[in-house]
Amino acid sequence: MTDVILHIYDVTNSGSDKTNNTILHINKIFKDGIGIGGIFHSAVQVYRDEEWSFGFCEQGTGVFSCPSGKNPMYTYRESVVLGQTNFSNFKVNQILRELSREWPGNSYDLLSKNCNHFCDEFCERLEVPKLPGWVNRFANAGDAAMEVAGNTALRLRQAKTEIVSASKVAYRFLLGVANNAGGSPESPGNSNRGTPRFQATWFKNLVTTGAKPSSSSEIENQDEDRHRQQQEEDSESPLRQNSWSL
């Protein structure tokens with residue numbers, strides 16, 4: 001059984017003193033002042049005076065080691081004892097060999113697969129607690145923001161597709177009504193659609209009541225009844241007939 005120690009550094013390898021000082025200032029405010037996180041590099045020490053971490057390279061594994069707390073690329077900040085592992089030195093070396101194959105240097109990603117993600121994975125296999133949340137909080141927040149942006153774009157594309165599909169359906173329906181109105185109701189192409197008068201009445205009923213008549217003959221019979229009733233009323237009212245003829 002041996003301690004598993006996390007070594008934490010301020011990321012000051014930008015090549016610009018101004019940028020490095022800005023990062024140090026951010027870490028001082030957000031970690032030391034508020035306690036929510038910062039921009040950090042981390043590495044895990046287990047057995048021997050050596051720490052293991054992950055970084056970018058074009059070929060080969062991205063897993064590397066250096067003397068504990070002495071990575072020359074960053075500014076050392078602090079160490080945290082994460083717990084103790086029951087694995088032997090041999091088993092730890094076996095885990096490191098597996099990780100070396102699984103973490104190639106060209107797979108490095110600042111937000112989704114960085115040194116802190118590697119240390120989390122290493123600690124999980126050592127069966128000790130993962131990194132404190134503040135160590136990788138900025139990367140996790142950035143990765144979550146990218147995921148939200150991607151999902152939002154997907155929803156917008158889906159909504160656009162649905163709108164276009166609905167527009168096409170409406171267009172085809174209106175085009176069919178126009179074609180029926182312009183063609184002969186007795187033509188073979190219109191035999192299954194009904195007369196234009198039936199189409200108009202059916203659409204009106206659909207909008208007002210949501211019910212579709214059972215057949216076009218039903219509509220035509222109703223129209224004939226109304227026409228007959230109108231003729232009877234006109235024959236009984238000559239004054240009204242005269243008024244229309246003026």
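Five strands form an open sheet in the order β4-β3-β2-β1-β5, with antiparallel pairing; strands and helices here are DSSP runs numbered from the N terminus (E, at least two residues, for strands; H or I, at least four, for helices). Two strands are taken to pair if DSSP finds at least two bridges between them. The edge strands are β4 and β5 (75–85), each of which pairs on one side only. Direction ignored, neighbouring strands of this sheet are turned by 30 degrees against each other on average. Helix α1 (residues 17–33) packs on the sheet and touches β1, β2 and β5, contact meaning heavy atoms within 4.5 Å. The direction of α1 makes about 45 degrees with that of β5; axes are lines fitted to C-alpha atoms, for helices over the stretch in contact, and angles run from 0 to 180 degrees between N-to-C directions.

The model is predicted: local features need pLDDT of at least 70, side-chain atom pairs count only at pLDDT 80 or more, and totals for chains, interfaces and linings use all residues. Residues are numbered from 1 along each chain as its sequence is written, and side-chain values use heavy atoms, with hydrogens and water left out.

Strands of a sheet pair through backbone hydrogen bonds, either parallel or antiparallel. Strand β1 (residues 2–10) is joined to β2 in the antiparallel sense over 7 bridges, and isoleucine 5 has glutamine 45 of β2 as its bridge partner. On to β3, strand β2 (residues 40–46) contributes 2 bridges, again antiparallel. Here glutamine 45 is partnered by glutamate 51, and valine 44 by tryptophan 52. Between β3 and strand β4 (residues 63–67) there are 5 bridges, and these strands run antiparallel; glutamate 50 stands opposite proline 67 in β4.

In a regular strand the side chains alternate between the two faces of the sheet. Both faces of β2 are covered, with Phe40, Ser42, Val44 and Val46 buried on one side and His41, Ala43 and Gln45 buried on the other. Buried denotes under 20% relative accessible area, exposed over 50%, and partly exposed the range in between (1.4 Å probe, protein chains only). Strand β3 (residues 50–54) is mostly covered as well, 4 of its 5 residues being buried.

Most residues other than glycine have a negative phi, and most peptide bonds are trans. The hairpin of β2 and β3 has 3 residues between the strands, and its tyrosine 47 takes a positive phi near 60 degrees. Arginine 48, in the loop between β2 and β3, likewise has a positive phi near 60 degrees, and is partly exposed at a relative accessible area of 42%. Glutamate 127, in the loop between α3 and α4, also has a phi near 60 degrees; with 62% relative accessibility, glutamate 127 counts as exposed.

The largest pocket has a volume of about 420 Å³. Of its 22 lining residues, Val11, Phe40, Tyr108, Leu110 and Asn114 are the closest to its centre. On a 1 Å grid over the protein atoms alone, a pocket is an open set of points where a 1.4 Å probe fits, with protein on both sides within 12 Å along at least five of seven lines, and lining residues have an atom within 4 Å of a point. Grid points are joined across faces, edges and corners, and the volume is the space filled by probe spheres set on the points. At least two lining residues come from each of β2, α3 (115–126) and α4 (137–182). The lining comprises 15 nonpolar, 7 polar and no charged residues, where Ala, Val, Leu, Ile, Met, Phe, Trp, Tyr, Cys and Pro count as nonpolar, Asp, Glu, Lys and Arg as charged, and the others, Gly among them, as polar.
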